Amino acid sequence: MKADVLLGLQWGDEGKGKIVDVLTPKYDYIARFQGGPNAGHTLEFNGIKHVLHTIPSGIFHDTTTNIIGNGVVIDPVILKREIDALVKMGVDVKKRLLISRRAHLILPTHSLLDKASEAAKGKEKIGSTLKGIGPTYMDKTGRNGLRVGDIESPDFKEKYNKLVAKHRELLRFHDADTDPSALEGAWFEGIETIKSLTRIDTEHFVNEALSSGKSVLAEGAQGSLLDIDFGTYPFVTSSNTMTAGACTGLGVAPRHIGNVLGIFKAYCTRVGSGPFPTELEDETGQRLRDVGREYGSTTGRPRRCGWLDIPALNYAIMINGVTELIMMKADVLSGLDTIRVCTAYKVNGVETKNFPYDICTAEIEPVYTDLPGWTEDLTGVTHAEDMPGALMEYISFIEKATGVPVSVVSVGPDRTQTLLRSAAWA
Ligand code: GDP
Ligand code: IMO
Ligand code: MG
């Protein structure tokens with residue numbers, strides 16, 4: 001078998017959690033491959049709304065095992081909190097969760113460093129979630145990091161102290177709070193929780209699963225435009241959020257990747273700083289925020305909102321090798337007379353359909369095509385063939401502009417509010 005990948009094509013929060021939950025019954029394993037608790041993946045079913053940060057979004061199904069891959073960075077405090085909340089809901093997390101011994105640990109001082117680094121940037125801050133993601137990946141690539149496997153080592157505490165001493169030097173340089181002692185009790189409790197979970201070499205496990213015919217869905221976090229290499233650098237996260245990240249974040253070879261499910265909102269949102277060519281800083285933007293309840297799942301910050309951006313979408317489709325598209329939040333557009341779609345950019349006055357390298361500094365003017373809206377409430381629609389004509393036209397427009405079929409349309413946050421357009425998903 002080949003591993004399928006599901007990932008966000010915009011700036012995150014596309015609705016990955018919801019769709020992974022919907023698709024989980026079709027897979028034996030759901031595996032997170034990058035990011036950490038900067039993610040907030042929301043699931044809604046049976047009147048329950050739940051936000052996951054580190055744990056894969058298949059955890060509510062007892063038929064499927066969830067894997068936290070080597071590419072993920074783990075904050076033991078947040079992981080413990082997530083586990084405790086799930087156990088309270090009756091979920092047998094210990095049975096359903098496996099953790100890579102190669103995954104890196106977020107230390108309390110990583111979060112302090114994140115805060116100090118953002119404060120030092122002033123007006124140029126990234127708008128980080130301040131969960132310590134950047135500093136932890138820096139220690140990983142700097143070859144200083146602590147990994148889940150290290151907690152088995154008798155000198156784990158010494159390794160921890162050595163890294164903390166280094167961090168305190170850096171924090172002093174930033175003139176920041178250097179003392180993590182108030183945070184350490186909870187952190188070491190989290191380490192005990194991780195000790196109670198099954199820690200394995202997930203790269204062997206996943207490859208053996210695929211060889212023996214088991215199905216795997218790799219779950220991305222963030223979105224392609226936040227990718228460390230191809231996103232709107234420096235306003236990005238610190239990992240590869242793209243399909244290639246599933247290879248390095250799980251140890252799956254490129255030739256063992258199957259379908260790539262690219263998920264996007266019917267419009268665009270972004271939380272944090274950085275360029276956003278189709279951003280609407282007007283009533284329509286506020287309307288999208290209100291109707292779409294566009295407030296961050298991790299930080300509660302209001303999300304910036306704007307029209308769908310086809311050059312950005314095509315760029316994300318290209319770098320990920322997307323085989324099918326999943327369109328979210330179609331219901332939020334109901335009631336708009338006209339829906340605008342950006343089909344090209346004018347970059348410093350020159351029209352292009354490419355996503356520019358210098359998107360953070362160039363003068364970018366979106367070129368729009370206007371499409372008719374629809375008035376119908378979509379939240380009760382249960383079959384794709386019952387979608388209003390104007391929505392079908394909107395989808396056809398996107399399929400033509402991208403050359404990729406839209407196989408799923410989401411019309412509300414609940415599991416059941418999901419319209420399948422492809423026989424493969426029925
Ligand atoms: P993720 O990070 O990609 O998993 O997405 P988030 O959970 O951060 O944000 C998506 C938000 O949209 C959540 O609050 C979901 O409950 C909600 N949502 C998902 N799909 C739909 C949809 O089709 N319509 C509406 N109105 N809300 C949705
Ligand atoms: P999910 O998985 C939306 C954004 C932050 C900031 C930038 C860097 O829920 O889609 P970081 O904390 O990584 O240093 O922040 O990336 N960001 C997200 N935006 N959804 C996310 O995750 C995000 N994770 C990080 O707002 O702009
Ligand atoms: Mg989110």
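Which residue has a backbone N or O atom that lies 2.8 Å from an oxygen atom of ligand 2? The residue is Gln222, and the pair is a polar contact, a term used for two N or O atoms within 3.5 Å, where within protein one must be able to donate a hydrogen and the other to accept it, and residues adjacent in sequence count only if both atoms are side-chain atoms.

The model is a predicted one, in which local features need pLDDT of at least 70 and side-chain atom pairs count only at pLDDT 80 or more, while totals for chains, interfaces and linings use all residues. Residues are numbered from 1 along each chain as its sequence is written, chains are lettered from A and ligands numbered from 1 in the order in which they are written, and side-chain values use heavy atoms, with hydrogens and water left out.

**The two ligands**

Ligand 2 is surrounded by 20 residues, of which Asp13, Lys16, His41, Thr129 and Thr237 are the closest; a residue counts here if one of its heavy atoms lies within 4 Å of the molecule. Around ligand 1 there are 20 residues as well, and Gly15, Lys16, Thr42, Asp331 and Ser410 come nearest.

| Residue | Ligand | Residue atom | Distance |
|---|---|---|---|
| Gly40 | ligand 2 | backbone N or O | 2.9 Å |
| Thr129 | ligand 2 | side-chain N or O | 2.5 Å |
| Gly15 | ligand 1 | polar backbone atom | 2.8 Å |
| Thr42 | ligand 1 | side-chain N or O | 2.5 Å |
| Ser410 | ligand 1 | polar side-chain atom | 2.5 Å |

**Backbone features**

Most residues other than glycine have a negative phi, and most peptide bonds are trans. Asp13, however, has a positive phi of about 60 degrees although it is not a glycine, and Asp13 sits in the loop between strand S1 (3-8) and helix H1 (16-23); helices (H or I, at least four residues) and strands (E, at least two) are DSSP runs numbered from the N terminus. The peptide bond from Tyr233 to Pro234 is cis, with omega near 5 degrees, and Pro234 belongs to the loop between strand S10 (216-219) and helix H9 (243-250).

**A helix contact**

Helix H11 (residues 310-320) packs against helix H12 (residues 389-402) at an angle of about 55 degrees, with the axes 10 Å apart; axes are lines fitted to C-alpha atoms, for helices over the stretch in contact, and angles run from 0 to 180 degrees between N-to-C directions. H11 and H12 are therefore oblique to each other, given that angles under 35 degrees count as roughly parallel, over 145 as roughly antiparallel, 65 to 115 as roughly perpendicular and the rest as oblique. Ile310, Leu313, Asn314 and Ile317 of H11 meet Ile398, Ala401 and Thr402 of H12, contact meaning heavy atoms within 4.5 Å.
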